[in-house]
Amino acid sequence: YDYVNVPSQDIYQKIKKFEIDEKKIILMQYGIELDLINKTLLNTPVSNITNRFISVRNFSPIYNMEFLINGFSRVSKNISFELKIVGTGNPSECERIKSLVSKLNDDRIDYIGLVDSNELIKHLIEAEYFVSIPSMDGLSLVVLEALACRCKGIVSNIQSYKSKLFSSTCELVELSDVSQFTKQIEALISS
């Protein structure tokens, strides 16, 4: 490759460890469409529905979708919530996630799949919480979009989410124990 494009300082530092010439690493942090979000916020009658969670991710293993779905499925059946799963992956990844949601047969968990940007913003505005629990990530644009849509965040305890921006708006979660994750979700719903 002539150049390597990285989306965050954290990923930049990781790429340098592969002994790639620093002159060939381009740090390019992307942005979000605040005008679209603000216009949609003004025109959406329902926002931040209590106990509605949304996760918008690629379905590759690094994003821990099975952990997320299993954690939510273990929430006590007498606790009311909704989890919307938005995203995509290769055909086998999509089938794996659809199959898991179907097998759990939990009406509180809804597989939506891929949506366009306008529909995504609407889903984010309607959610109270946004969940993003990758094993590693840069500064995720969809997390910034969710925060701009006034969602509270639930994010994995990784370097990218340890900045001041996230400390006041997001709950950090550990990915080591699905039961502990479930307890954190139940505590958020109960608060």
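Leu 36, Ile 37, Thr 40 and Leu 41 in helix H2 meet Asn 118, Ile 121 and Ile 125 in helix H5, where contact means heavy atoms within 4.5 Å. The residues of this contact divide into five nonpolar, two polar and no charged; here Ala, Val, Leu, Ile, Met, Phe, Trp, Tyr, Cys and Pro count as nonpolar, Asp, Glu, Lys and Arg as charged, and the others, Gly among them, as polar.

A word on the model before we go on. This is a predicted model, in which local features need pLDDT of at least 70 and side-chain atom pairs count only at pLDDT 80 or more, while totals for chains, interfaces and linings use all residues. Residues are numbered from 1 along each chain as its sequence is written, and side-chain values use heavy atoms, with hydrogens and water left out.

**Helix packing**

H2 (residues 34–43) and H5 (residues 117–126) pack at an angle of about 55°, with their axes 10 Å apart. Axes are lines fitted to C-alpha atoms, for helices over the stretch in contact, and angles run from 0 to 180 degrees between N-to-C directions. Helices (H or I, at least four residues) and strands (E, at least two) are DSSP runs, numbered from the N terminus. H2 and H5 are therefore oblique to each other: angles under 35 degrees count as roughly parallel, over 145 as roughly antiparallel, 65 to 115 as roughly perpendicular and the rest as oblique. Their crossing is right-handed, meaning that the near helix is turned clockwise from the far one by less than a right angle.

Now to another pair of helices. H3 (residues 65–73) and H8 (residues 178–190) pack at about 60°, with their axes 8 Å apart. H3 and H8 are therefore oblique to each other, and H3 passes H8 in a right-handed crossing. From H3, Phe 67, Leu 68, Asn 70, Gly 71 and Phe 72 meet Val 178, Phe 181, Thr 182 and Ile 185 of H8. That contact divides into six nonpolar, three polar and no charged residues.

**Positive phi in two loops**

Most residues other than glycine have a negative phi. Asn 105, with phi near 50°, has a positive value; its place is the loop between helix H4 (91–104) and strand S5 (109–113). Asn 105 counts as exposed at 63% relative accessibility (buried is under 20% relative accessible area, exposed over 50%, partly exposed in between, with a 1.4 Å probe and protein chains only). Arg 150 also has a positive phi, near 75°, and sits in the loop between helix H6 (141–148) and strand S7 (152–156). Arg 150 is exposed, at 55%.

**Salt bridges**

The structure holds 11 salt bridges, each a side-chain nitrogen of Lys or Arg within 4 Å of a carboxyl oxygen of Asp or Glu. Here are some of the pairs.

| Pair | N to O distance |
|---|---|
| Asp 106 and Lys 77 | 3.2 Å |
| Asp 106 and Arg 108 | 2.9 Å |
| Lys 152 and Glu 128 | 2.9 Å |

Lys 152 lies in strand S7 and Glu 128 in strand S6 (residues 127–132), so this pair ties together parts that are 24 residues apart in sequence. Lys 152 is partly exposed at 41%, whereas Glu 128 is buried at 11%.

Arg 108 counts as buried at 12%.

Finally, Arg 52, Glu 82, Lys 84, Asp 110, Lys 122 and Glu 126 are linked in a network of salt bridges.
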